[in-house]
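Dear colleague,

Please find the structure below, handed over for your reference.

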Amino acid sequence: MTKFEPIDARTLSITPLPPVRWLVPDLLSGGLSLLSGGSKVGKSWLCLWLCLQLAKGGEFWGRPLRAQAVLYLCLEDTYARIQNRLFRLSEEEMPDNLYFQTACEGLGHGHEEQIEQFLAVRPDTGLVVIDTLQKVRTGDANGNVYACDYRDMSALKSLADRHNIGILLVHHQRKDRTDDPFDDISGSVALMGGADTSWVLRRRRMSLNAQLHVTGRDMESRALDLRWEDCRWELEQEETSEELARKAVPACVWAVAEFVQRQKCWQGTATELLAAAGIADVQPNQLTRKLVEFYPTDLAPLGIRCESRRTASARQLRLWYDGDDANDDKTGISPDDGDMPETPSAPSSSSRQALRGNKHGLCVATGQPFAAAAAASTGSAPTPPVEVAL
C-alpha cells in the first residue's frame, strides 16, 4: 500500500530536492516523454540519431550531451535494418553503451521487470526508447480508451520516476491534421496528459522539411524547423513560444504601433488610420478587430492607449502613446456596436504636444477630452461619448 504522508509547505520550502534531469537541454527531460508523428515521417531515424549521440556524449541540435547508456527497443525493426541505419548515420566506431532489442513482453506482463533487469546491469542508463508504444500495450481494445491510456502511461511514468531515467515512447498520430499539432496525437488526452514532455513531428509527404513541436512540464514550448540531410534531421531554426506568439501578430498591428509612437497622439477613422500609417491590403473593420485582439498582449505593454466613439457618420478613434505600460489591463476598442465602457488612462504630458496638420485625421493637440475636441471642431454641443480604452 502506498504511504500517505503529506508534506507541509514550510518543510517542502526548505527541503533540498534534485534538479530536473535533462537528457537534451530544454528539449527532453527525465520522466516519461512522447514522440508522435505520421507513418514513415522519420520518427525512428530521429530516435536512432538521438540515441547514438546520447551514448557517445555528442551534440544534438547544438546542445552538448553527457554520455550515458541507452536502451532502444526497436519493436518494428530487425537487427539487419538497425545495422544498416547505423552505417548510414556514422562511419565512426559505434559506442558499446547503446543497446538494441527487437522484442519484449507487454505492459503488465513482464515489460517493466525486463527494463528493471537491464537497469540493474547498466545503472548508468539515461534513456529507454520504446518504438512503438502500441507494441507493448496489452489493453482490451473494446474497453475504455481513456482508462487504458491512463493505466499504461501511469505504469511507464512510475517506472521512469523510480529510476530517475527518461522513457521516450514513439507513437502515431491521427490521419486528419488539426490546427493544434498536439491534438494530432492518436488516442485519448490521457496520453499527452500522462507525459512530462511531448514532441510532435509534422512533415508533408515527400518533403525534406519538417517541424517539431515541443512542450512539457519543465520547459518552455517551442517549435523547431528541421531539414532532412544524410539520414538525419538537421536543425534550421528554433523558436520559443514567446517568439512564435510575436510572429502571430499581424504586420498591420506593428505598423499602427510604430505610427502612434512617432505621432504621439492621433485622431480619425480606421480608414484614415490605414492611409496615415501607410497600411495596404487591410480593410478598416479588420484593422479595428486586430487592434482589439492584440491590444492586451502587444499594444498595451508598449504604452499605446486608445479611445473609441461612434458618431453619426463613422467610428472615431483616438490613439496616443503614454510611454509606459502601467495601465495595461484595459479591454480595448469594441469593433461592433457593443462598446464596453471603460475609463481610459490620461495621456501623458508628452502625448499632449501639438502634432498638427495630418491630412488623414485630426491630431489632438489641445489635451481636451475626446468629446470636447469633437465639439470644438463642429461648433455643436457634444453627445456624451462611449469611451473605451485599449
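Residues are numbered from 1 along each chain as its sequence is written, and side-chain values use heavy atoms, with hydrogens and water left out.

Confidence and overall make-up

The predictor's confidence in each residue is given as pLDDT, on a scale from 0 to 100. Its mean over the protein is 83, with 81% of the residues at 70 or more. Residues 325-390 stay under 50, and the model has 138 contacts beyond four places in sequence for them; a contact means heavy atoms within 4.5 Å. Where pLDDT is low, the predicted coordinates should not be read in detail.

The protein has 11 helices and 16 strands. These are DSSP runs numbered from the N terminus, with helices being H or I of at least four residues and strands being E of at least two. Of the 390 residues, 47% are buried. Buried means under 20% relative accessible area, exposed means over 50%, and partly exposed lies in between (1.4 Å probe, protein chains only). Among contacts between residues at least 6 apart in sequence, 63% join residues at least 24 apart.

Pocket and cavity

Both kinds of space were found on a 1 Å grid over the protein atoms alone: a cavity is a set of points where a 1.4 Å probe fits but cannot get out, whereas a pocket is an open set with protein on both sides within 12 Å along at least five of seven lines, and lining residues have an atom within 4 Å of a point. Grid points are joined across faces, edges and corners, and a volume is the space filled by probe spheres set on the points.

The largest pocket has a volume of about 350 Å³. It is lined by 18 residues, of which Lys 40, Lys 43, Ser 44, Glu 76 and Arg 85 are the closest to its centre. Two or more lining residues come from each of helix 2 (43-56), helix 3 (79-89) and strand 9 (166-172), and helix 2 gives the most, with 3 residues. By class, the pocket lining has 8 charged, 6 polar and 4 nonpolar residues. Here Ala, Val, Leu, Ile, Met, Phe, Trp, Tyr, Cys and Pro count as nonpolar, Asp, Glu, Lys and Arg as charged, and the others, Gly among them, as polar.

There is 1 cavity of 30 Å³ or more. The largest cavity has a volume of about 40 Å³, and its lining consists of Ser 44, Leu 48, Tyr 72, Cys 74, Asp 77, Ile 82 and Arg 85. Helix 2, strand 6 (69-74) and helix 3 each give two or more residues to this lining. The cavity lining divides into 4 nonpolar, 1 polar and 2 charged residues.

Cysteines

The structure holds 0 disulfides, a disulfide being a pair of cysteine sulfur atoms within 2.5 Å. For Cys 306, the closest cysteine sulfur is that of Cys 265, at 10.0 Å, which is too far for a bond. Cys 306 is buried, at 0% relative accessibility, whereas Cys 104 is partly exposed, at 25%.

Backbone features and loop residues

Most residues other than glycine have a negative phi, and most peptide bonds are trans. The following places depart from that pattern.

- The peptide bond from Asp 131 to Thr 132 is cis, with omega near 15 degrees; Thr 132 lies in the loop between strand 8 (125-131) and helix 5 (145-163).
- Lys 264 has a positive phi, near 75 degrees. This residue is in the loop between helix 8 (251-263) and strand 14 (265-268) and is partly exposed, at 28%.
- Asp 281 has a positive phi of about 65 degrees. Its loop runs between helix 9 (270-277) and helix 10 (284-299), and Asp 281 is exposed, at 80%.

Two further loop residues may be of use when viewing the model. Gly 57, between helix 2 and strand 4 (59-60), is in contact with Leu 65, Arg 66 and Ala 67, leaving aside neighbours within four places in sequence. Arg 204 lies between strand 10 (197-203) and strand 11 (209-216) and is exposed, at 63%. The C-alpha atoms of Arg 204 and Gly 38 are 9.3 Å apart, although the two residues are 166 apart in sequence.

With kind regards
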